[in-house]
Amino acid sequence: MIDLRSDTVTRPTPGMRQAAFEVEVGDDVYGEDPSVLKLEETAARLLGKEAALFVTSGTQGNQIAALTHCQPGDEVLLEANAHLFLYEGASMSALAGVQPRTIEGDRGAMDPNKVRAAVRPDDIHFPETGLICVENTHNKAGGAVVSLGNMQAIYEVARENGIPVHLDGARLFNAVTASGVSAKQYASQADTVQFCLSKGLGAPVGSIITGSASFIARARKWRKRLGGGLRQVGVIAEPGYIALTQMVDRLADDHDNARLLADSVNQIAGLRVECPVETNIVLVNVEGAGMTAEQFLDELKKEGILAVPFGTHTVRFVTHFDVSREDIKEAIDHMRKII
Ligand SMILES: Cc1ncc(COP(=O)(O)O)c(C=O)c1O
(Lines give C-alpha, C1' and ligand atoms only; values in the text may rest on other atoms or scores of the structure.)
Protein backbone atom coordinates (compact mmCIF):
# COMPACT_ATOMS: atom_id res chain seq x y z
CA MET A 1 0.00 0.00 0.00
CA ILE A 2 1.08 3.56 -0.69
CA ASP A 3 -0.60 5.36 2.17
CA LEU A 4 -1.21 9.04 1.37
CA ARG A 5 -4.13 9.48 3.79
CA SER A 6 -2.20 11.56 6.30
CA ASP A 7 1.27 12.32 7.67
CA THR A 8 0.00 10.75 10.91
CA VAL A 9 0.54 7.27 9.45
CA THR A 10 4.34 7.51 9.67
CA ARG A 11 5.91 4.77 11.72
CA PRO A 12 8.74 5.45 14.19
CA THR A 13 12.24 5.25 12.71
CA PRO A 14 14.64 2.50 13.84
CA GLY A 15 16.45 5.18 15.89
CA MET A 16 13.20 6.10 17.65
CA ARG A 17 12.41 2.45 18.40
CA GLN A 18 15.91 1.86 19.76
CA ALA A 19 15.70 5.01 21.90
CA ALA A 20 12.32 3.93 23.28
CA PHE A 21 13.89 0.59 24.21
CA GLU A 22 16.94 2.00 25.95
CA VAL A 23 15.71 5.22 27.51
CA GLU A 24 15.95 5.87 31.24
CA VAL A 25 12.44 6.65 32.53
CA GLY A 26 10.76 8.17 35.57
CA ASP A 27 7.25 9.13 36.68
CA ASP A 28 6.27 12.24 34.75
CA VAL A 29 3.42 13.15 37.11
CA TYR A 30 6.19 13.64 39.71
CA GLY A 31 8.19 15.55 37.08
CA GLU A 32 10.82 12.80 37.06
CA ASP A 33 10.97 11.56 33.49
CA PRO A 34 14.28 12.84 32.02
CA SER A 35 13.14 12.61 28.38
CA VAL A 36 9.95 14.57 29.00
CA LEU A 37 11.90 17.30 30.83
CA LYS A 38 14.44 17.46 27.98
CA LEU A 39 11.72 17.52 25.31
CA GLU A 40 9.70 20.24 27.07
CA GLU A 41 12.79 22.42 27.66
CA THR A 42 13.91 22.03 24.05
CA ALA A 43 10.44 22.82 22.67
CA ALA A 44 10.08 25.91 24.86
CA ARG A 45 13.51 27.17 23.83
CA LEU A 46 12.88 26.52 20.12
CA LEU A 47 9.63 28.48 20.22
CA GLY A 48 10.95 31.24 22.47
CA LYS A 49 8.43 30.52 25.24
CA GLU A 50 8.99 30.12 28.98
CA ALA A 51 7.63 26.60 29.26
CA ALA A 52 6.15 23.63 27.42
CA LEU A 53 3.96 20.63 28.14
CA PHE A 54 4.03 17.21 26.47
CA VAL A 55 0.48 16.04 25.65
CA THR A 56 -0.90 12.96 23.97
CA SER A 57 -2.27 14.53 20.78
CA GLY A 58 -2.92 17.72 18.87
CA THR A 59 -6.56 17.57 19.84
CA GLN A 60 -5.68 17.23 23.51
CA GLY A 61 -3.26 20.15 23.22
CA ASN A 62 -5.85 22.39 21.58
CA GLN A 63 -8.48 21.45 24.14
CA ILE A 64 -6.15 22.08 27.07
CA ALA A 65 -5.39 25.49 25.53
CA ALA A 66 -9.13 26.31 25.29
CA LEU A 67 -9.74 25.07 28.85
CA THR A 68 -6.82 27.06 30.25
CA HIS A 69 -7.46 30.32 28.35
CA CYS A 70 -11.26 30.47 28.60
CA GLN A 71 -14.17 30.50 31.02
CA PRO A 72 -17.43 28.64 30.22
CA GLY A 73 -19.67 31.00 28.23
CA ASP A 74 -16.77 32.69 26.43
CA GLU A 75 -16.69 32.96 22.66
CA VAL A 76 -13.73 31.76 20.60
CA LEU A 77 -12.95 33.33 17.22
CA LEU A 78 -11.50 30.99 14.64
CA GLU A 79 -11.37 30.38 10.91
CA ALA A 80 -14.45 28.72 9.38
CA ASN A 81 -12.52 25.63 8.26
CA ALA A 82 -10.23 25.37 11.27
CA HIS A 83 -9.41 21.87 12.47
CA LEU A 84 -10.51 22.98 15.93
CA PHE A 85 -13.96 23.76 14.55
CA LEU A 86 -14.44 20.95 12.02
CA TYR A 87 -12.61 17.94 13.31
CA GLU A 88 -12.39 17.92 17.09
CA GLY A 89 -15.88 16.65 17.90
CA ALA A 90 -17.07 20.05 19.16
CA SER A 91 -14.84 19.36 22.14
CA MET A 92 -14.24 23.07 22.80
CA SER A 93 -17.96 23.37 23.48
CA ALA A 94 -18.32 20.02 25.19
CA LEU A 95 -15.31 20.42 27.49
CA ALA A 96 -14.48 24.12 27.85
CA GLY A 97 -18.12 25.23 27.51
CA VAL A 98 -17.21 27.89 24.97
CA GLN A 99 -19.03 29.01 21.85
CA PRO A 100 -17.05 29.00 18.62
CA ARG A 101 -17.63 31.89 16.21
CA THR A 102 -16.18 31.36 12.77
CA ILE A 103 -14.69 33.83 10.31
CA GLU A 104 -14.37 32.85 6.64
CA GLY A 105 -10.70 33.02 5.69
CA ASP A 106 -8.70 33.18 2.49
CA ARG A 107 -6.52 30.07 2.25
CA GLY A 108 -6.83 29.70 5.99
CA ALA A 109 -5.92 33.32 6.80
CA MET A 110 -8.54 35.43 8.57
CA ASP A 111 -8.85 39.10 7.62
CA PRO A 112 -7.69 41.03 10.73
CA ASN A 113 -10.45 43.62 10.15
CA LYS A 114 -13.07 40.86 10.28
CA VAL A 115 -11.46 39.57 13.47
CA ARG A 116 -11.59 43.09 14.95
CA ALA A 117 -15.26 43.43 13.95
CA ALA A 118 -16.08 40.08 15.55
CA VAL A 119 -14.64 40.97 18.96
CA ARG A 120 -17.61 41.42 21.30
CA PRO A 121 -18.19 44.84 22.85
CA ASP A 122 -18.87 45.09 26.56
CA ASP A 123 -22.62 44.40 26.69
CA ILE A 124 -24.63 42.32 29.15
CA HIS A 125 -26.23 40.41 26.26
CA PHE A 126 -23.01 39.17 24.71
CA PRO A 127 -20.47 36.47 25.50
CA GLU A 128 -16.93 37.65 26.20
CA THR A 129 -14.42 37.00 23.44
CA GLY A 130 -12.10 34.69 25.35
CA LEU A 131 -9.69 33.47 22.68
CA ILE A 132 -8.63 33.84 19.05
CA CYS A 133 -7.27 30.72 17.31
CA VAL A 134 -5.06 30.66 14.23
CA GLU A 135 -4.04 27.51 12.31
CA ASN A 136 -0.68 27.24 10.51
CA THR A 137 -0.27 25.39 8.21
CA HIS A 138 -3.97 25.25 7.46
CA ASN A 139 -5.09 21.68 6.84
CA LYS A 140 -8.43 22.25 5.10
CA ALA A 141 -6.91 24.99 2.94
CA GLY A 142 -4.56 22.36 1.51
CA GLY A 143 -1.57 22.88 3.79
CA ALA A 144 -1.53 26.63 3.15
CA VAL A 145 1.05 28.68 5.01
CA VAL A 146 -0.54 31.59 6.87
CA SER A 147 1.85 34.52 6.51
CA LEU A 148 3.70 35.98 9.45
CA GLY A 149 2.26 39.38 8.47
CA ASN A 150 -1.29 38.07 8.81
CA MET A 151 -0.48 36.55 12.18
CA GLN A 152 1.11 39.83 13.32
CA ALA A 153 -1.97 41.81 12.32
CA ILE A 154 -4.29 39.41 14.15
CA TYR A 155 -2.09 39.44 17.23
CA GLU A 156 -2.22 43.22 17.22
CA VAL A 157 -6.04 43.13 17.19
CA ALA A 158 -5.93 40.59 20.04
CA ARG A 159 -3.61 42.73 22.15
CA GLU A 160 -5.66 45.88 21.54
CA ASN A 161 -8.56 43.98 23.09
CA GLY A 162 -6.72 41.98 25.76
CA ILE A 163 -7.61 38.64 24.15
CA PRO A 164 -5.11 35.74 24.05
CA VAL A 165 -4.17 34.03 20.78
CA HIS A 166 -3.63 30.28 20.43
CA LEU A 167 -1.80 28.90 17.41
CA ASP A 168 -2.83 25.43 16.28
CA GLY A 169 0.51 24.64 14.74
CA ALA A 170 -0.07 20.91 14.27
CA ARG A 171 2.12 21.33 11.14
CA LEU A 172 4.03 24.42 12.26
CA PHE A 173 7.35 22.97 11.10
CA ASN A 174 5.93 22.51 7.61
CA ALA A 175 5.20 26.25 7.62
CA VAL A 176 8.74 26.90 8.88
CA THR A 177 10.25 24.73 6.15
CA ALA A 178 8.17 26.26 3.37
CA SER A 179 8.53 29.91 4.38
CA GLY A 180 11.93 30.17 6.04
CA VAL A 181 10.23 31.98 8.93
CA SER A 182 11.44 30.44 12.21
CA ALA A 183 9.21 28.63 14.67
CA LYS A 184 10.17 31.32 17.19
CA GLN A 185 8.97 34.11 14.88
CA TYR A 186 5.60 32.41 14.34
CA ALA A 187 5.30 31.64 18.04
CA SER A 188 6.00 35.29 18.90
CA GLN A 189 2.63 36.13 17.32
CA ALA A 190 0.62 33.93 19.70
CA ASP A 191 0.43 33.48 23.45
CA THR A 192 0.33 29.71 23.18
CA VAL A 193 1.27 27.23 20.48
CA GLN A 194 0.37 23.58 19.99
CA PHE A 195 2.47 21.56 17.56
CA CYS A 196 2.43 17.85 16.72
CA LEU A 197 5.42 15.51 16.91
CA SER A 198 3.39 12.68 15.40
CA LYS A 199 2.72 14.09 11.93
CA GLY A 200 5.49 14.93 9.46
CA LEU A 201 8.11 14.73 12.22
CA GLY A 202 7.42 11.01 12.50
CA ALA A 203 7.05 10.40 16.24
CA PRO A 204 4.60 7.65 17.16
CA VAL A 205 2.68 9.78 19.69
CA GLY A 206 2.53 13.27 21.07
CA SER A 207 2.18 16.99 20.80
CA ILE A 208 3.56 19.97 22.67
CA ILE A 209 1.91 23.10 24.03
CA THR A 210 4.14 26.08 24.74
CA GLY A 211 3.40 29.33 26.54
CA SER A 212 4.23 31.32 29.66
CA ALA A 213 5.32 29.44 32.78
CA SER A 214 2.09 30.34 34.59
CA PHE A 215 -0.05 29.24 31.62
CA ILE A 216 1.77 25.90 31.38
CA ALA A 217 1.38 25.32 35.15
CA ARG A 218 -2.40 25.74 34.78
CA ALA A 219 -2.40 23.66 31.56
CA ARG A 220 -0.57 20.88 33.41
CA LYS A 221 -3.43 20.74 35.89
CA TRP A 222 -5.98 20.54 33.06
CA ARG A 223 -3.96 17.74 31.47
CA LYS A 224 -4.12 15.84 34.77
CA ARG A 225 -7.88 16.45 35.07
CA LEU A 226 -8.35 15.02 31.59
CA GLY A 227 -6.43 11.89 32.54
CA GLY A 228 -3.42 12.96 30.49
CA GLY A 229 -0.87 12.85 33.32
CA LEU A 230 1.35 9.99 32.20
CA ARG A 231 3.95 8.00 34.08
CA GLN A 232 7.08 6.38 32.54
CA VAL A 233 6.39 8.30 29.38
CA GLY A 234 10.00 8.60 28.27
CA VAL A 235 9.28 5.63 26.00
CA ILE A 236 7.30 8.02 23.81
CA ALA A 237 8.93 11.33 24.78
CA GLU A 238 12.40 10.17 23.66
CA PRO A 239 11.13 9.36 20.12
CA GLY A 240 9.39 12.77 20.30
CA TYR A 241 12.73 14.42 21.11
CA ILE A 242 14.32 12.71 18.12
CA ALA A 243 11.41 13.92 15.98
CA LEU A 244 11.88 17.52 17.06
CA THR A 245 15.66 17.60 16.85
CA GLN A 246 16.37 15.37 13.83
CA MET A 247 13.33 15.27 11.58
CA VAL A 248 12.55 18.90 10.77
CA ASP A 249 15.02 19.28 7.90
CA ARG A 250 13.60 16.35 5.98
CA LEU A 251 10.13 17.95 5.70
CA ALA A 252 11.49 19.64 2.56
CA ASP A 253 11.46 16.21 0.87
CA ASP A 254 7.75 15.85 1.62
CA HIS A 255 7.11 19.27 0.08
CA ASP A 256 9.09 18.31 -3.05
CA ASN A 257 7.09 15.09 -3.33
CA ALA A 258 3.81 16.99 -2.93
CA ARG A 259 4.82 19.34 -5.77
CA LEU A 260 5.74 16.36 -7.96
CA LEU A 261 2.36 14.79 -7.20
CA ALA A 262 0.51 18.04 -7.97
CA ASP A 263 2.41 18.76 -11.21
CA SER A 264 1.80 15.22 -12.46
CA VAL A 265 -1.89 15.21 -11.45
CA ASN A 266 -2.44 18.44 -13.37
CA GLN A 267 -1.28 16.66 -16.52
CA ILE A 268 -3.99 14.00 -16.21
CA ALA A 269 -7.17 15.04 -18.02
CA GLY A 270 -10.13 15.11 -15.64
CA LEU A 271 -8.04 15.69 -12.51
CA ARG A 272 -7.28 19.17 -11.19
CA VAL A 273 -5.25 20.35 -8.23
CA GLU A 274 -7.56 22.73 -6.38
CA CYS A 275 -5.09 25.10 -4.76
CA PRO A 276 -1.40 25.97 -4.80
CA VAL A 277 0.74 23.35 -3.09
CA GLU A 278 2.88 25.05 -0.45
CA THR A 279 3.68 22.16 1.88
CA ASN A 280 2.82 18.45 2.07
CA ILE A 281 -0.91 18.46 1.28
CA VAL A 282 -2.43 18.15 -2.21
CA LEU A 283 -6.17 18.59 -2.81
CA VAL A 284 -7.30 17.01 -6.06
CA ASN A 285 -10.68 17.63 -7.66
CA VAL A 286 -11.92 14.57 -9.55
CA GLU A 287 -15.22 15.94 -10.88
CA GLY A 288 -13.81 16.29 -14.41
CA ALA A 289 -13.26 12.54 -14.44
CA GLY A 290 -16.99 12.00 -13.82
CA MET A 291 -16.39 10.53 -10.38
CA THR A 292 -17.09 11.45 -6.80
CA ALA A 293 -14.23 11.47 -4.33
CA GLU A 294 -15.49 8.19 -2.85
CA GLN A 295 -15.63 6.49 -6.26
CA PHE A 296 -12.13 7.67 -7.14
CA LEU A 297 -10.84 6.51 -3.74
CA ASP A 298 -12.39 3.06 -4.26
CA GLU A 299 -10.55 2.75 -7.57
CA LEU A 300 -7.32 3.99 -6.00
CA LYS A 301 -7.63 1.46 -3.21
CA LYS A 302 -7.89 -1.38 -5.73
CA GLU A 303 -4.51 -0.17 -7.04
CA GLY A 304 -3.02 -0.13 -3.54
CA ILE A 305 -3.16 3.64 -3.01
CA LEU A 306 -4.86 5.24 0.00
CA ALA A 307 -6.06 8.84 0.34
CA VAL A 308 -9.07 10.50 2.04
CA PRO A 309 -12.20 12.35 0.85
CA PHE A 310 -12.15 16.09 1.55
CA GLY A 311 -15.45 17.08 -0.07
CA THR A 312 -17.86 15.56 -2.60
CA HIS A 313 -15.31 15.74 -5.42
CA THR A 314 -12.14 16.50 -3.50
CA VAL A 315 -9.50 13.98 -2.49
CA ARG A 316 -6.69 14.84 -0.06
CA PHE A 317 -3.22 13.37 -0.49
CA VAL A 318 -0.57 13.97 2.17
CA THR A 319 3.12 13.23 1.60
CA HIS A 320 5.28 12.08 4.48
CA PHE A 321 8.35 10.21 5.68
CA ASP A 322 6.98 6.78 4.74
CA VAL A 323 6.35 7.57 1.05
CA SER A 324 9.27 7.89 -1.33
CA ARG A 325 9.55 9.76 -4.62
CA GLU A 326 9.24 6.35 -6.35
CA ASP A 327 5.97 5.75 -4.48
CA ILE A 328 4.65 9.09 -5.75
CA LYS A 329 5.56 8.18 -9.35
CA GLU A 330 3.85 4.81 -8.89
CA ALA A 331 0.72 6.46 -7.47
CA ILE A 332 0.60 8.77 -10.50
CA ASP A 333 0.88 5.82 -12.89
CA HIS A 334 -2.09 4.19 -11.16
CA MET A 335 -4.13 7.41 -11.38
CA ARG A 336 -3.45 7.60 -15.12
CA LYS A 337 -4.60 4.00 -15.44
CA ILE A 338 -7.82 4.67 -13.49
CA ILE A 339 -8.68 7.70 -15.65
C1 LIG B 1 -4.43 21.46 12.00
C2 LIG B 1 -4.61 20.31 12.93
N3 LIG B 1 -4.80 20.54 14.22
C4 LIG B 1 -4.95 19.56 15.11
C5 LIG B 1 -4.93 18.25 14.71
C6 LIG B 1 -5.19 17.17 15.72
O7 LIG B 1 -4.09 16.35 15.95
P8 LIG B 1 -4.29 14.87 16.56
O9 LIG B 1 -4.72 14.01 15.43
O10 LIG B 1 -2.92 14.54 17.08
O11 LIG B 1 -5.30 14.96 17.63
C12 LIG B 1 -4.75 17.94 13.35
C13 LIG B 1 -4.75 16.53 12.90
O14 LIG B 1 -4.70 16.23 11.75
C15 LIG B 1 -4.60 19.00 12.44
O16 LIG B 1 -4.47 18.77 11.12
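A quick definition to start with: a polar contact is a pair of N or O atoms within 3.5 Å; within protein, one must be able to donate a hydrogen and the other to accept it, and residues adjacent in sequence count only if both atoms are side-chain atoms. This is a predicted model, where local features need pLDDT of at least 70, side-chain atom pairs count only at pLDDT 80 or more, and totals for chains, interfaces and linings use all residues. Numbering runs from 1 along each chain as its sequence is written, and side-chain values use heavy atoms, with hydrogens and water left out.

Q: How far is an oxygen atom of the ligand from an N or O atom in the side chain of Lys 199?
A: Polar contacts have a cut-off of 3.5 Å. The Lys 199 side chain puts an N or O atom inside that, and its distance to a ligand oxygen is 2.9 Å.

Q: How much of the ligand does the protein bury?
A: Areas here come from the Shrake-Rupley method with a 1.4 Å probe; for residues, only the protein chains shown count as cover. On its own the ligand exposes 390 Å². The buried share of that is 84%.

Q: Which helix gives the most to the shell around the ligand?
A: Helices are DSSP runs (H or I, at least four residues) and strands are too (E, at least two), both numbered from the N terminus. Three shell residues come from the top contributor, residues 58-69, and that is helix 3.

Q: Are the planes of Tyr 87 and Phe 310 stacked or edge-to-face?
A: Rings of Phe, Tyr and Trp (its six-membered ring) pair if their centres lie within 6.5 Å; planes under 30 degrees apart count as stacked, over 60 as edge-to-face and the rest as tilted. The centres of Tyr 87 and Phe 310 are 6.4 Å apart and their planes meet at 20 degrees, so the pair is stacked.

Q: Is Phe 310 buried or exposed?
A: Buried means under 20% relative accessible area, exposed over 50%, and partly exposed in between (1.4 Å probe, protein chains only). Tyr 87, at 37%, is partly exposed. Phe 310 has 11% relative accessibility, so it counts as buried.

Q: What is the angle between the planes of Phe 173 and Phe 195?
A: Phe 173 is in helix 8 and Phe 195 in strand 7, 22 residues apart. Their centres are 5.2 Å apart and the pair is edge-to-face, with an angle of 80 degrees.
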